[in-house]
Amino acid sequence: MSESERNERRRVVAMVGNPTSDKGRGAKVDAQVLGLLEEAGRAHNFDVIDITGTSFDDSLNQARERAHEYDYLVVVGGDGMIALGANAVGCSGKPLGIVATGSGNDFARGLKLPVNRIETAVEGIVGAIVRGSHIDVDMGRVTSLDGGYAVDAGMLSCGLDASINDRANHSHLPTGTMRYFAAVLVELTHMKRYGYHIKATLADGTTDERDIITPLLTIANSRHIGGGIEVSPYSCFSDGLLDLVWMDHVPNFGECAVAISNAYNGKLLASKVFGWKRIREIEVTRATEGDEPPVLMADG
């Protein structure tokens with residue numbers, strides 16, 4: 001293909017939806033987004049293709065295998081769909097557009113994108129395409145030491161936060177915020193002292209290696225978890241660093257009440273309950289002491 005042919009080629013926007021989300025109602029949202037993109041494409045001279053697969057893995061494979069067919073990827077859904085998009089186009093130079101319609105939408109909140117505002121989100125994406133604008137975003141890389149499985153994520157939940165996430169995912173409450181808030185209240189009533197051994201490279205290049213026995217351990221690149229809880233309010237998407245947040249001890253009732261009251265206002269780490277460090281990378285393994293940690297959860 002000549003240089004002039006490449007310059008004249010119509011841009012292509014690929015969309016990946018999540019038709020099985022929200023008990024199948026996600027299909028209607030996907031159709032709405034596709035229609036809005038197609039309408040905008042006719043007005044602004046770009047084509048739109050729907051590469052949604054039959055499952056999460058199939059959609060991810062489609063996005064990777066057909067990457068040569070599109071210039072932009074748009075994902076519709078929550079943090080899981082953003083993770084799909086990030087793993088599909090991360091480091092490729094292809095911009096990722098986000099229509100946040102999930103239960104938590106924590107990564108989108110951190111980017112200050114519209115949440116559950118479909119037309120506004122699509123309008124912003126189309127504007128960015130037309131203007132050729134985008135922002136660069138850091139992504140945390142989570143790799144299993146046993147087997148080497150890797151995924152890009154905004155937050156790695158290792159303790160109480162993972163238990164809360166799991167409980168919220170199985171909740172039947174109607175909204176994401178309600179599910180997570182209820183899960184927080186339940187999990188706080190029977191906190192455990194999980195045992196972790198951490199080896200972290202700090203922001204200044206020094207190493208911190210020790211055991212941490214704690215109910216909560218979070219490795220964050222994004223600020224929010226659980227539908228808006230600011231567990232890491234100082235995280236920044238473009239500083240090349242992660243934030244390690246943990247509880248120094250099992251809090252008493254008063255400390256829990258203060259923490260809950262500050263969960264959504266950016267003041268959570270002002271409590272003496274929490275420890276916090278800026279890090280470049282970290283290895284987390286099981287300590288000899290403490291309770292067995294729950295299954296770790298990478299999100300966003």
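## Some terms to start

Buried means under 20% relative accessible area, exposed over 50%, and partly exposed in between, with a 1.4 Å probe and protein chains only. Helices (H or I, at least four residues) and strands (E, at least two) are DSSP runs, numbered from the N terminus.

This is a predicted model, in which local features need pLDDT of at least 70, side-chain atom pairs count only at pLDDT 80 or more, and totals for chains, interfaces and linings use all residues. Residues are numbered from 1 along each chain as its sequence is written, and side-chain values use heavy atoms, leaving out hydrogens and water.

Let's look at strand S10, residues 217–220.

Two strands pair if DSSP finds at least two bridges between them. S10 pairs antiparallel with S7 (residues 155–157) over three bridges, and serine 157 has threonine 218 as its bridge partner. S10 also runs antiparallel to S11 (residues 242–247), joined by four bridges; here isoleucine 219 partners leucine 244.

## The four-stranded sheet

Next comes an open sheet of four strands in the order S2-S1-S3-S4, with parallel pairing. S2 (46–50) and S4 (96–100) stand at the edges with a single partner strand each, so one side of each has no neighbour in the sheet.

Within this sheet, four bridges join S1 (residues 11–16) to S3 (residues 72–77) in parallel, and valine 16 stands opposite valine 75 in S3.
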